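Biologist: I'm new to reading protein models. Could you walk me through one, feature by feature?

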Amino acid sequence: MAGKTMTNVYLYTRFERLWHWCQALMVIFLMITGFEVHGLYTLMGFDTAVELHNFIGLFWLGSFAFFAFWLIITGEWKQYIPTTRKLFDVARYYAWGIFHGQDHPVQKTPGAKHNPLQRLAYLGISAMLLPVQMVTGLLYYLYNSLGGVSLAPIAFIHTLAAFLLVNFLIIHLYMTTTGHSLFSHIKGMITGWEEIRDTSKIQEWETKATRKT
């Protein structure tokens, strides 16, 4: 990055940052209580872990629905439209270029905050993995009220999704360190401002995600 023109860009609104960190805390807390419910360790006791897990899970379900509504009315859902353009360039960058000082092939802009690989990952997490986790969690919570429902497959899918979320969290934490400095991405999610390379060569498709028509 040495010698490159850098500029500060306001990428993340206050609401987006609040939602990001609240969701992160909820996911971490659900993991802690969930794994205690499964007997992996003892921190707060089984009954307390169950009660807190249920409470946070229901709150997360409601707040996630509100966030989805916010995405729809603001047009921010377009940020998650998958694309194959530059997808392989980004994959090659993370597999090779990042270790050899190459520039990221896709620069962030307010209209395109996620590169093609992130779009696929976040869409898969938000549209598939999280809904599965929430629905199975709700079925788990309402199990005593649902006659004739087998608990074993619900528990298996819920636990499997939890481990997949742990994998995502580990990868996500690693990816936060891959900016132009160790904490540049984290700083962006705290302040909303992120220092990125000059965006004068951004392509049309990268900026039209949230363009108002």
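Modeller: In the protein chain here, take the contacts between residues at least 6 apart in sequence: 70% of them join residues at least 24 apart. Before we go on, this is a predicted model, where local features need pLDDT of at least 70, side-chain atom pairs count only at pLDDT 80 or more, and totals for chains, interfaces and linings use all residues. Residues are numbered from 1 along each chain as its sequence is written, and side-chain values use heavy atoms, with hydrogens and water left out.

Biologist: How many helices and strands does the protein chain have?

Modeller: Helices (H or I, at least four residues) and strands (E, at least two) are DSSP runs, numbered from the N terminus. The protein chain has seven helices and two strands, in the order β-α-α-α-α-α-α-β-α along the sequence. Its C-alpha trace spans about 60 × 40 × 30 Å along the principal axes.

Biologist: Which residues does UniProt list for a domain?

Modeller: An unreviewed UniProt entry lists residues 12-192 as "domain: Cytochrome b561 bacterial/Ni-hydrogenase". UniProt positions are in the numbering used here, feature names are shortened, and annotations may be inferred rather than shown by experiment. Over residues 12-192 the model is 67% helix and 0% strand, and the end C-alpha atoms sit 4 Å apart.

Biologist: And what share of the protein chain's residues count as buried?

Modeller: Buried means under 20% relative accessible area, exposed means over 50%, and partly exposed is in between (1.4 Å probe, protein chains only). Of the 213 residues, 34% count as buried. Take S63 in helix α2: its relative accessibility is 16%, so S63 counts as buried. Leaving out residues up to four places away in sequence, S63 touches W19 and M26.

Biologist: Is R14 buried or exposed?

Modeller: R14, in helix α1, has a relative accessible area of 69%, so R14 is exposed. The C-alpha atoms of R14 and I190 are 9.0 Å apart, although 176 residues separate the two along the chain.

Biologist: How many salt bridges does the structure hold?

Modeller: A salt bridge is a side-chain nitrogen of Lys or Arg within 4 Å of a carboxyl oxygen of Asp or Glu. The structure holds four. In one of them, K113 pairs with E16, with the closest N and O atoms 2.8 Å apart.

Biologist: Which residues are linked with K113 in a network?

Modeller: E16 and E76: together with K113 they form a network of salt bridges. E76 and K113 meet at 3.5 Å, N to O. E76 lies in the loop between α2 and α3 and K113 in the loop between α3 and α4, so this pair ties together parts 37 residues apart in sequence. E76 is buried too, as is K113.

Modeller: Another salt bridge joins the side chains of E194 and K108 (3.2 Å, N to O). E194 is in strand β2 (residues 193-197) and K108 in the loop between α3 and α4, so the pair ties together parts 86 residues apart in sequence. Both E194 and K108 are buried.

Biologist: What about R17: which side chain of opposite charge is nearest?

Modeller: For charges, Lys and Arg count as positive and Asp and Glu as negative, while His and the chain ends are not counted. R17 is in helix α1 (residues 14-37). R17 is buried yet has no salt bridge, and the nearest side chain of opposite charge, E16, is 7.1 Å away. Beyond residues up to four places away in sequence, R17 touches Y10, Y12, G188, M189, I190, T191 and G192.

Biologist: Which residues lie nearest the centre of the second largest pocket?

Modeller: Rolling a probe the size of a water molecule over the atoms shows where empty space is left. Here, H53, N54, G137, Y140 and H158 lie nearest the centre, out of 25 lining residues. The elements giving two or more residues to this lining are α1, α2 (46-74), α4 (116-141) and α5 (151-175). The largest share, eight residues, comes from α2. On a 1 Å grid over the protein atoms alone, a cavity is a set of points where a 1.4 Å probe fits but cannot get out, and a pocket is an open set with protein on both sides within 12 Å along at least five of seven lines; lining residues have an atom within 4 Å of a point.

How values were computed
Contact means heavy atoms within 4.5 Å.
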